[in-house]
Amino acid sequence: MAAAAGTAGWVRQPAVAGMFYPADPVALRAAVGQHVAGASLVDPTRDPKALIAPHAGYRYSGAAAGAAYRAVAGRRGRVDRVVLVGPAHRVPVEGVGVGVTTARSWRTPLGDVPVDVDACHELVAAGRAVPADAAHEPEHSLEVHLPFLIEVLGPVAIVPLVVGHCSAGAVADALACTWGDDATLIVVSSDLSHYLPEGAARRRDARTRLAIIEGRGDDIGPREACGHVAISGLLLAARVHHLAPRTLAIATSADASGDTRRVVGYGSFGFAPPSPLSEAEGRTLLARARAALAHELATGEPDPLTDADVPDRLRLPSATFVTLEREGELAGCIGTLSPARPLWRDVCLNARGAAFTDPRFPPMVPADLDRTVVKVSVLSGLTPLPADRDAVIAALRPGIDGVVLEAGGHRGTFLPAVWNKLPGADRFLDHLVGKAGFDRPAWPEDVRVWRYTTVDFADAR
């Protein structure tokens, strides 16, 4: 018999075995195996560092959860710890709102799962969590994941974090303390909409899916997801670690039960470094930019950009420049340096800016479109360089680096393509200083310099 909660070496007992999932080990293994094997593998080359997966009864959400765990099945033997984060449905979490267990292991019908006790102690010592056994003991949001973890990843330790009323930043802080290396997997547990008619549920879940893909945690509240705080915290952490979410599964309880009157929505998502943009995706961006220009030239109104079928990869927040050329001459160039909008929207809006609001050129007219070449540059992150001019020159890679220069409230940038017209780092920097609004060739005081690279696409005209 297990020791009482709070006693050294005590074991947390299952709270929902036989209700949310089978209590019989044979039946449980069969259910988990069926849900994982039945899921389609979205991209076998990408190993997610983090997952969002649902936590309802296996009958309803098992298929969506199976999609999440199939995505990490290839990491068996390479993951030795899982940080599990889910909402507190029954008992509040006091203090900072993130609660750890004091148990040394959690029991399941498939065996005991060890707790990373040291990590739990460190979170409490750092003020990032509080002991919260009362919240953990009846809670299902973390427990239902354990059979999947055992069957898919083998004997891994867990850091169970139950989340109450707190900020997304509090969750992100706890994740920062436990992020670890590739041997640590993060799993956020959440269902989506609750108890809506099926049509309304699917529409709301579709909006929530886009908010997750586009990193808009502030647009996800309790009506969108019971684990909305944990989701938003993961989105903050993913931004810091440059991870991109991708949809693995979207479903509702009606898919399993057939009852469409009051359904619960489920979604699974994987977070990994973004895949490189393909030529096909580049062509999609170019075509969509050209379509935005054609719409405004034909109607006189900006394109509403209401496309619903944009792939996840093109919805990631990104910084871009769009360059327009006619007869080999520049006809407009507008861009952004920080990722604040979905990639496809940033491209379309910058194309509009280059065509109609670049003060250096007259606005585009209908006769211009067919003879205009559209070029899209997708920027990497900005890497700071030393402020000394000689150090900047030594660090620059001609033909590869774009440069941002900022001082005294002025800012200028040259894309890597400008090296074709201004070869040599001295000349390149002199002209950039002038573009930023300073007298050449004087090097501005208190200057800050960054470099970046681009992935470039151009249509054929």
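This note sets out numbered points on the predicted model of a single chain.

1. Basis of the values. The model is predicted, and local features need pLDDT of at least 70, side-chain atom pairs count only at pLDDT 80 or more, and totals for chains, interfaces and linings use all residues. Residues are numbered from 1 along each chain as its sequence is written, and side-chain values use heavy atoms, with hydrogens and water left out.

2. Overall composition. The chain contains 13 helices and 22 strands; helices (H or I, at least four residues) and strands (E, at least two) are DSSP runs, numbered from the N terminus. The C-alpha trace spans about 80 × 50 × 35 Å along its principal axes. Of the 461 residues in the chain, 53% are buried. Here buried denotes under 20% relative accessible area, exposed over 50%, and partly exposed the range in between, with a 1.4 Å probe and protein chains only.

3. Surface and contacts. Among contacts (heavy atoms within 4.5 Å) with a separation of 6 or more, 77% join residues 24 or more positions apart.

4. Helices α1 and α5. Two packed helices are described by the angle between their axes and the distance between the axes. The axes of α1 (residues 25-37) and α5 come within 10 Å and cross at roughly 75°. Helix α1 is therefore roughly perpendicular to α5; angles of 65 to 115 degrees count as such, those under 35 as roughly parallel, those over 145 as roughly antiparallel and the rest as oblique. Axes are lines fitted to C-alpha atoms, for helices over the stretch in contact, and angles run from 0 to 180 degrees between N-to-C directions. On the α1 side, Leu28, Arg29, Val32, His35 and Val36 meet Pro147, Phe148, Glu151 and Val152 of α5. The residues of this contact between α1 and α5 comprise 6 nonpolar, 1 polar and 2 charged. In this scheme Ala, Val, Leu, Ile, Met, Phe, Trp, Tyr, Cys and Pro count as nonpolar, Asp, Glu, Lys and Arg as charged, and the others, Gly among them, as polar.

5. Helices α2 and α5. Helix α5 (residues 146-153) also crosses α2 (residues 58-70), at roughly 40° and with the axes coming within 11 Å. The crossing of α2 and α5 is right-handed, that is, the near helix is turned clockwise from the far one by less than a right angle. Tyr58, Gly62, Ala65, Gly66 and Tyr69 of α2 are in contact with Pro147, Phe148, Leu149 and Val152 of α5. The contact of α2 with α5 involves 7 nonpolar residues, 2 polar and no charged.

6. Helix α6. Ala170, Val171, Ala172, Ala174, Leu175 and Thr178 are buried in α6. The elements covering the buried residues of α6 include β3 (81-87), β4 (98-100), α3 (117-125), β8 (157-163), β9 (184-189) and α8 (228-240). Thr178 belongs to α6 (residues 168-178) and has a relative accessible area of 1%. Apart from neighbours within four places in sequence, Thr178 contacts Arg81, Val83, Leu123, Val159 and Thr184. Gly180, with a positive phi near 65°, follows α6.

7. Most residues other than glycine have a negative phi. Tyr195, which is not a glycine, has a positive phi of about 65°; Tyr195 lies in strand β10 (residues 194-196) and is partly exposed at 48% relative accessible area. His242, likewise not a glycine, has a positive phi of about 55°. His242 is placed in the loop between α8 and β11 (244-252) and counts as exposed, with 61% relative accessibility.

8. Two further residues. Ser105 is in strand β5 (residues 105-108) and is buried at 12% relative accessibility. Setting aside neighbours within four places in sequence, Ser105 contacts Trp10, Val11, Arg12, Asp112, Val113, Pro114 and Val115. Leu349, in helix α11 (residues 343-356), is partly exposed at 35% relative accessibility. Not counting residues up to four places away in sequence, Leu349 touches Leu305 and Arg341. The C-alpha atoms of Leu349 and Leu84 are 39 Å apart in space, with the two residues 265 apart in sequence.
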